[in-house]
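These are my notebook entries on one protein chain.

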Amino acid sequence: MRIAGGVNQFGVCGRLRVVVSWLVCAASALPLPGQSPPIIAAVGYEIPLVVVAPGQIVTLFVDGFRPVEEAHADKLPLPTELAGLQVLVATPESPRTPAPILSVKQGYLGFERAEVTIQIPYEILAVSSPQLHTATLLAVSRNGVESAPVLAYTVESAPRVARSCDYNFYAYQFDCRAMITHADGRLVTAREPAKSGEILVMYALGLGRTIPPGQTGAAPAEPLAVEIPVRLLMDFSPNAPPKPQGYAPIVRPLYVGAVPGFAGLYQINFRVPPIPPGTPLCGGYYIYTNLTVNVSGVTQDGAGICVEP
């Protein structure tokens, strides 16, 4: 678990650093005299529609800034300016609100890219469906130079299973393990699979507001249950990708809430159901997972693990 000056940098078992990778095209701004315009080249995970929830951790990949100094927040509440950068969140009810910043660093491959990890404020207006087009605009500013805004849709719950590759979207294809652990914190893997009836912990982002309400930029001191229910759909197909709701049996989680001491991080405790007869076990070069746990909110995500009877 990586800690910088007492502020969680979103590590679980020393392997998770929550930065996201949703490749999204953005329009450019008009350049200032003698300057190239900064452009938000990517936001979030890996789907073209930018959807965020209150309290969500997300990273903006910004092209056009000169090299930035790497910095990590070292106190709580999180600052709204770091390494000279601000991220402005504009919504219909609160225009141009600075967002809390967790970290700023230079891009993995350079290209004058800055990676700015922020928390979406809990106070933003959220709806129950992205089709309603409730809009949030995100822009990055430094020394009076501001990027063109990127449009995001805000919903009540936009689940994202935390993964070991979330620290950098360039590494997505090489090693990307779901952060689903045994009760003692060990990752569930092919070598250490889960058992039928075992209680596991899945770490996630984007599960929205809590009861009582969480504070933007702060970490809860105690567990806080989520406001919007989350459903789990269990698919015992080998190497199955995440599926929309309705394609697999539904399992009610044992607990869903914010993790104490971690701003923007949630956990989902659930019991592994019995394995259907004939389900192949993980092994060899062809079966990497045999249970895909789908997390359903307003949007859906999922991750595969290995289980045994």
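**Entry 1**

I began with Arg96, which is partly exposed, with a relative accessible area of 48%. I note at the outset that the model is predicted.

I then looked up the partner of Arg96. Arg96 forms a salt bridge with Glu146, and the closest N and O atoms are 2.8 Å apart. The two residues come from distant parts of the chain, 50 residues apart: Glu146 lies in strand β12 (residues 145-146), and Arg96 lies in the loop between β7 (85-90) and β8 (97-98). Glu146 counts as partly exposed, at 30% relative accessibility. I recorded the general principle beside this pair: side chains of opposite charge can pair when their charged atoms come close.

**Entry 1: The other salt bridges**

How many salt bridges are there by this rule? I found that the count comes to 8.

I looked up the pair Arg163 and Asp301 next. Their side chains meet in a salt bridge, at 3.0 Å from N to O. This pair also links distant parts of the chain, for Arg163 is in the loop between β14 (160-161) and β15 (180-181), while Asp301 is in strand β25, 138 residues apart. Are Arg163 and Asp301 buried or exposed? I found that Arg163 is buried, and that Asp301 is buried as well.

A further pair is Arg186 and Glu192, whose side chains meet in a salt bridge of 2.5 Å, N to O. Arg186 is partly exposed, with a relative accessible area of 35%. Glu192 also counts as partly exposed, at 34% relative accessibility.

I turned to strand β25, where Asp301 is found, and asked which strands form a sheet with it. An open sheet is formed by 4 strands, in the order β21-β20-β24-β25, and the pairing is antiparallel. Its edge strands are β21 (250-251) and β25, each of which pairs on one side only.

I then followed β24 to its neighbours. Strand β20 (residues 231-235) is joined to β24 by 5 bridges, and the two run antiparallel. Within this pairing, Asp235 has Thr292 of β24 as its bridge partner. On to β25: 6 bridges join β24 to β25, again antiparallel. The two strands form a hairpin with 3 residues between them. I listed two partners across this hairpin. Leu291 stands opposite Ile305 in β25. Val295 has Asp301 as its bridge partner in β25, and Asp301 is the residue whose side chain meets Arg163 in a salt bridge.

How many residues of β24 are buried? I found 6 of its 6 residues buried. In a regular strand the side chains alternate between the two faces of the sheet. I therefore checked each face of β24 separately, with buried meaning under 20% relative accessible area. On one side Leu291, Val293 and Val295 are buried, and on the other Thr292, Asn294 and Ser296 are buried, so that both faces are covered.

**Entry 2: The disulfide**

I looked for disulfides and found 1 in the structure. Which cysteines does it join? The disulfide joins Cys282 to Cys306, with 2.2 Å from S to S. The pair links distant parts of the chain, 24 residues apart: Cys282 is in the loop between β23 (266-271) and β24 (291-296), and Cys306 is in the loop between β25 (300-305) and β26 (307-308).

Why is this disulfide called left-handed? The torsion about the S-S bond of Cys282 and Cys306 is about -100 degrees, and therefore the disulfide is left-handed.

I compared the exposure of the two cysteines. Cys282 has a relative accessible area of 22% and is partly exposed, whereas Cys306, at 3%, counts as buried.

**Entry 3: Strand β9**

Finally, I looked up strand β9 (residues 101-106), which is mostly covered, with 5 of its 6 residues buried. Strand β6 (residues 71-72) is joined to β9 by 2 bridges, and they run antiparallel. His72 stands opposite Ser103 in β9. A further 5 bridges join β9 to strand β10 (residues 113-119), also antiparallel. Here I noted that Lys105 stands opposite Glu115 in β10.

How values were computed
Residues numbered from 1 in each chain as written. Predicted model: local features only at pLDDT ≥ 70, side-chain atom pairs only at ≥ 80, totals over all residues. Heavy atoms only, no water. Disulfide = S-S within 2.5 Å. Buried < 20%, exposed > 50% of the residue type's maximum accessible area, 1.4 Å probe, protein only. Pairing = 2+ DSSP bridges. Salt bridge = Lys/Arg side-chain N within 4 Å of Asp/Glu carboxyl O.
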